[in-house]
2 protein chains.
Amino acid sequence: MPTMSSLTIGALAKRTGVKIPTIRYYESIGLLPEAPRTGSNRRSYDDGAVNRLRFIRHARELGFEVEAIRQLLTMADDPGRPCREADRLARTHLAEIESRIARLEALRDEVRRMVEGCAQDQVRSCHVIEVLADHAHCLHDRH
Amino acid sequence: MPTMSSLTIGALAKRTGVKIPTIRYYESIGLLPEAPRTGSNRRSYDDGAVNRLRFIRHARELGFEVEAIRQLLTMADDPGRPCREADRLARTHLAEIESRIARLEALRDEVRRMVEGCAQDQVRSCHVIEVLADHAHCLHDRH
DNA sequence: CTAGATCCTCCAGCGACTGGAGGATCAAGA
DNA sequence: TCTTGATCCTCCAGTCGCTGGAGGATCTAG
């Protein structure tokens with residue numbers, strides 16, 4: 001039962017998997033509130049900070065940008081409000097992910113074609129170089 | 001027949017779709033050779049530069065990092081050498097792309113689940129916020 | 001001749017960290 | 001009690017691949 005525990009920044013880092021400089025960075029940009037200090041000026045954290053940092057980390061891992069996370073945190077801090085905003089944010093993000101996947105798949109096909117065409121012989125006849133040198137070899141126009 | 005044309009940096013930018021500061025940046029990091037200058041100190045380019053810059057742009061769009069492009073350019077400049085290196089580079093890159101796609105797909109599923117679970121009601125019961133706050137809601141451990 | 005477009009260099013900033021220098025403080029063992 | 005090593009602090013600079021602005025020179029068209 002970790003209830004009235006007070007953590008150093010190092011302990012917080014270990015618990016959340018977020019590096020120490022990154023925690024300080026989050027504080028500096030206002031994603032984390034300024035941590036209260038001990039007599040010797042060291043930051044001390046409670047379980048609330050652990051949760052907040054985990055939230056941030058998780059959202060970052062899911063690819064949300066810091067600005068989006070800032071908004072999500074504001075919403076999470078105010079549980080009575082309608083969550084349409086959170087939903088919209090997540091949907092926008094989903095669309096972005098889907099478009100990234102599509103572009104990467106086009107890319108993959110291109111590079112695959114490149115690799116498969118290479119006779120492993122000499123640069124003179126290397127499909128990789130050829131494709132890079134001339135966009136006309138590409139199946140896609142998107143890039 | 002564009003043969004003995006000499007281009008300003010602006011014209012080169014238009015032809016290749018690469019912005020002027022970016023061209024200068026590529027020169028500064030040695031991806032492009034130092035352009036010869038006119039009497040009034042302006043860079044002037046020939047068709048070789050157009051091709052080289054297109055090569056770079058294309059490779060960047062395919063997601064190659066600048067260091068990889070540097071190597072590819074060295075290879076492209078020396079067509080007699082075996083192309084095993086180019087092939088290896090492209091294969092490494094392919095593997096990276098495939099792993100990125102896989103990770104993004106896991107992500108997409110997660111965010112989709114998040115969005116679909118949202119009752120559009122209040123933050124209190126918002127699946128989006130909930131999922132972000134607690135990784136245990138996730139299907140994947142990878143993140 | 002003049003106005004506006006284009007060029008030059010230098011420098012600072014983006015996002016999201018990451019790491020090092022140089023110094024203070026803590027916790028544990030001898 | 002002393003000392004050693006771990007941990008903390010702040011500040012600053014660097015990463016990557018650009019991007020854009022300031023301030024000034026030069027070109028081109030009318």
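**A:Glu27**

I began with the side chain of A:Glu27, which reaches the backbone nitrogen of A:Ala35 at 3.5 Å. The model is predicted, and I read the distances below with that in mind. A:Glu27 sits in helix α2 of chain A. Is A:Glu27 buried or exposed? I noted it as buried, because its relative accessibility is 11% and the cut-off for buried is under 20%. I then listed what A:Glu27 touches beyond four places in sequence: A:Leu32, A:Pro33, A:Glu34, A:Ala35, A:Arg37, A:Arg43 and A:Tyr45.

**A:Ser5**

A:Tyr45 came up again when I looked at A:Ser5. A:Ser5 is in the segment of chain A before α1 (9-16). Which residues does A:Ser5 touch, sequence neighbours up to four places away left out? I found A:Tyr45, A:Asp46 and A:Asp47. A:Ser5 and A:Tyr45 are 40 residues apart along the chain, and I have 8.3 Å between their C-alpha atoms. I put A:Ser5 down as partly exposed, because its relative accessibility of 25% falls between the limits of 20% and 50%.

**DNA strand C**

Next I went to the DNA. I counted 19 residues around DNA strand C, with A:Tyr26, A:Arg60, B:Gly10, B:Arg24 and B:Arg43 as the closest. Which part of DNA strand C supplies the atoms within 4 Å of the protein? Sugar or phosphate accounts for 80% of them, and bases for the rest.

The side chain of A:Arg60 has an N or O atom 2.8 Å from a phosphate oxygen of DNA strand C. For A:Ser40 I have 3.0 Å, again from a side-chain N or O atom to a phosphate oxygen of DNA strand C. B:Arg42 goes to a base: one of its polar side-chain atoms is 3.2 Å from a base oxygen of DNA strand C.

I then sorted the surface near DNA strand C by element. At least two residues each come from α2 (20-28) of chain A and from α1 (9-16) and α2 (20-28) of chain B. The largest share is that of α2(A), with four residues. By class I have six nonpolar, five polar and eight charged residues near DNA strand C.

**DNA strand D**

I repeated the look-up for DNA strand D. Of the atoms of DNA strand D within 4 Å of the protein, 78% are in sugar or phosphate, with the remainder in bases.

On the chain A side, I found a polar side-chain atom of A:Arg42 at 3.2 Å from a base oxygen of DNA strand D. A:Arg43 uses its backbone: an N or O atom there lies 2.9 Å from a phosphate oxygen of DNA strand D. On the chain B side, a polar side-chain atom of B:Thr22 lies 2.9 Å from a phosphate oxygen of DNA strand D. The elements giving two or more residues to the surface near DNA strand D are α1 and α2 of chain A and α2 of chain B. Which element gives the most? I noted α2(B), with four residues. The residues near DNA strand D divide into six nonpolar, five polar and eight charged.

**A:His93**

I moved on to helix α5 (residues 84-117) of chain A, where A:His93 is found. A:His93 is buried, because its relative accessible area is 6% against a cut-off of under 20%. Its contacts beyond four places in sequence come from both chains: A:Leu62, A:Gly63 and A:Phe64, then B:Leu107 and B:Val111.

**The second largest pocket**

Last, I checked the second largest pocket, with a volume of about 190 Å³. Its lining includes B:Gly63, B:Phe64, B:Glu65, B:Arg88, B:His93 and B:Arg100. Two elements of chain B, α4 (66-76) and α5 (84-116), each supply at least two lining residues. How many come from α5(B), which has the largest share? I have six. By class, the lining has three nonpolar, four polar and five charged residues.

Technical notes: Residues numbered from 1 in each chain as written. Chains lettered and ligands numbered in written order. Predicted model: local features only at pLDDT ≥ 70, side-chain atom pairs only at ≥ 80, totals over all residues. Heavy atoms only, no water. Near = heavy atom within 4 Å. Polar contact = N/O pair within 3.5 Å; in protein donor to acceptor, adjacent residues only side chain to side chain. Nonpolar A, V, L, I, M, F, W, Y, C, P; charged D, E, K, R; others polar. Buried < 20%, exposed > 50% of the residue type's maximum accessible area, 1.4 Å probe, protein only. Contact = heavy atoms within 4.5 Å. 1 Å grid on protein atoms, 1.4 Å probe; cavity = no way out; pocket = protein on both sides within 12 Å on 5 of 7 lines; lining within 4 Å. Points joined across faces, edges and corners; volume = space filled by probe spheres on them.
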